[in-house]
Amino acid sequence: MTSRVRLRVDPIACAGRGLCAEILPELITLDDWGFPVIRDTDVPAGLQAEAGEAVRVCPMLALRLDRVNRMDRPARR
Amino acid sequence: MNTAECLPGLVPGEAGQPGAGLPRLLPERRGGGPATLAGHLARHGGLPTAAWDRRRREQFIAEVGRAGLTGRGGAGFPTARKLAAVAAGLGRPVVIANGTEGEPASAKDKVLLAREPHLVLDGAVLAAGLTGARQVLVVAHGAVREIVDEAVAERRRARCDPVPVRVLTGAGRFVAGEATALVNWVEHGIPVPTRVPPRISECGLGGRPTLVQNVETLAHLALIVRHGAAWFRSVGTPEEPGSILVTVLGAVQRPAVYETEIGVPISAVLARAGGPAAPLAALLIGGYSGSWVDQAAALTLPFSAAGLHPAGASPGAGLIAALPAGACGLAETARVARYLATESAGQCGPCLFGLDSIAAELDALAAGHPFDLGRLHRWLGQADGRGACHHPDGAVRMIRSALSVFAAETAQHARGWCCGTRPAGVLPVPARAGP
């Protein structure tokens, strides 16, 4: 079974470079100032590779994938 | 609860069980200066030493829970839960009494510290006892720093506190009172919120479990520990017991800070301030992160979270600003929005750029220049919830409520003229904002 994961952005670290939205437009759009708006859903299994790529290319290390537990809260780091 | 016991060096006053009514936090006193330690003890008695007994901590925290005390800094979090979380944390906890009060229109924390510094210090020291903390920091607004220093010195001379109390001046910024910003300020001298660690109750100052509690909350705590939950609950509503300090400003006869039972109608709070000084248009409730409510709808609402909720408002940090009829609510909103934009810590893009864009659009709206209401609403949606702290959310809430309450005025402004017939300036903003 694929684990549930969700994309989260650290708004302090994020500088609005926008690479994530290029890689994963299905889940990430940019607001009027160029900062990512992440869809409030789990990453579907078919997009998990792209989500991982978006996390890897973020130059500010502001994006991460969190496992979602049954309580629907982010996993503790 | 045993109020006869007293800390070493303190002589219990003749204070028995006080009356249930008000005032509790702000008694009338001749002279007007801060309460002395002797006067304070005569009125309230000493602190119950049992609060330092490890085995009785849980009982005291449970009593605070039964009292139903919630944070008076704006968020309204149950105080007992915070105390329990910090007490259960890993490592020796720290207590920070938050008297930063960065909101320019609010005065209740300054007034409380200026008049009853010992009640706040009692609460802070008791919170240390209940959580096992061995240090207390009081972060006070610069305007009352000397009074707090003097009170702390007085207690030191009387050797009445089992833990050291240190005083710091808060950073004079709007977001500086946010709990993570406060820890950041104390630790690094940088008054902006942080995102990691997630909970300062677990990992705050120096990595220690940290209790950040508004000074008014601590003052209530000091009384609950002395007099018990039943006494505390004898005023207020069953769901939201106790009293609350409210800064009343704008078009009222006597703008000042008043203590009131939670749940009394807004009109009764205004009556405490001598009533309206002019016909009113609307009220801003809760603070600059609060909500505008039309005056006709507002006056009968109970001043409580449950009572204000249907109007989209909340008591927030305890503030009611009365806008007189004829003053332009949009101009007031634009001015406060600009202030809130400049008070962004500048860390999160949607807050930094979003609030600035929104403030510019509101400036145009207020001035009767061309503006785009659809774009303004889109921007409000894009700023809402997009920061590391709740600063943008509060600004968005206030501005959305203005666009709703002043909808007719917005339509007038769209036609190029301002609805105001009297000069604005009800809501104070510092002349120079920002770092």
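Buried residues account for 57% of the 435 residues in chain B, a residue being called buried if 20 or more other C-beta atoms, placed from the backbone, lie within 10 Å of its own. The model is a predicted one, in which local features need pLDDT of at least 70 and side-chain atom pairs count only at pLDDT 80 or more, whereas totals for chains, interfaces and linings use all residues. Residues are numbered from 1 along each chain as its sequence is written, while chains are lettered from A and ligands numbered from 1 in the order in which they are written.

Chain B holds 17 helices and nine strands, which are DSSP runs numbered from the N terminus (helices: H or I, at least four residues; strands: E, at least two). Its radius of gyration, taken over C-alpha atoms, is 22 Å, which agrees with the value near 22 Å that a compact globule of 435 residues would have; the globule rule is 2.2 Å times the number of residues to the power 0.38.

Helix H3 (residues 79-87) of chain B is largely enclosed by the rest of the structure, because seven of its nine residues are buried. Among them are B:Lys82, B:Leu83 and B:Val86. The cover over the buried residues of H3(B) includes helix H2, helix H5, strand S4 and helix H8 of chain B, and their residue ranges are as follows.

| Covering element | Residues |
|---|---|
| helix H2 of chain B | 54-67 |
| helix H5 of chain B | 117-131 |
| strand S4 of chain B | 210-214 |
| helix H8 of chain B | 215-227 |

An open sheet of five strands in chain B runs in the order S6-S5-S9-S7-S8 with mixed pairing, where two strands pair if DSSP finds at least two bridges between them. Strand S6 (256-261) and strand S8 (291-294) of chain B are the edge strands, each pairing on one side only. Within the sheet, strand S5 (residues 243-250) and strand S9 (residues 319-324) of chain B pair in the parallel sense over four bridges, and B:Leu249 has B:Ala321 in S9(B) as its bridge partner.

Chain B also touches chain A, in a contact that takes 12 residues from chain B and nine residues from chain A; two residues are in contact if their C-beta atoms, placed from the backbone, lie within 7 Å. On the side of chain B that touches chain A, helix H14 (349-367) and helix H15 (373-383) of chain B each supply at least two residues, and the largest share, four residues, comes from H14(B).

Key. A residue is buried if 20 or more other C-beta atoms lie within 10 Å of its own, exposed if 12 or fewer, and partly exposed in between; C-beta atoms are placed from the backbone.
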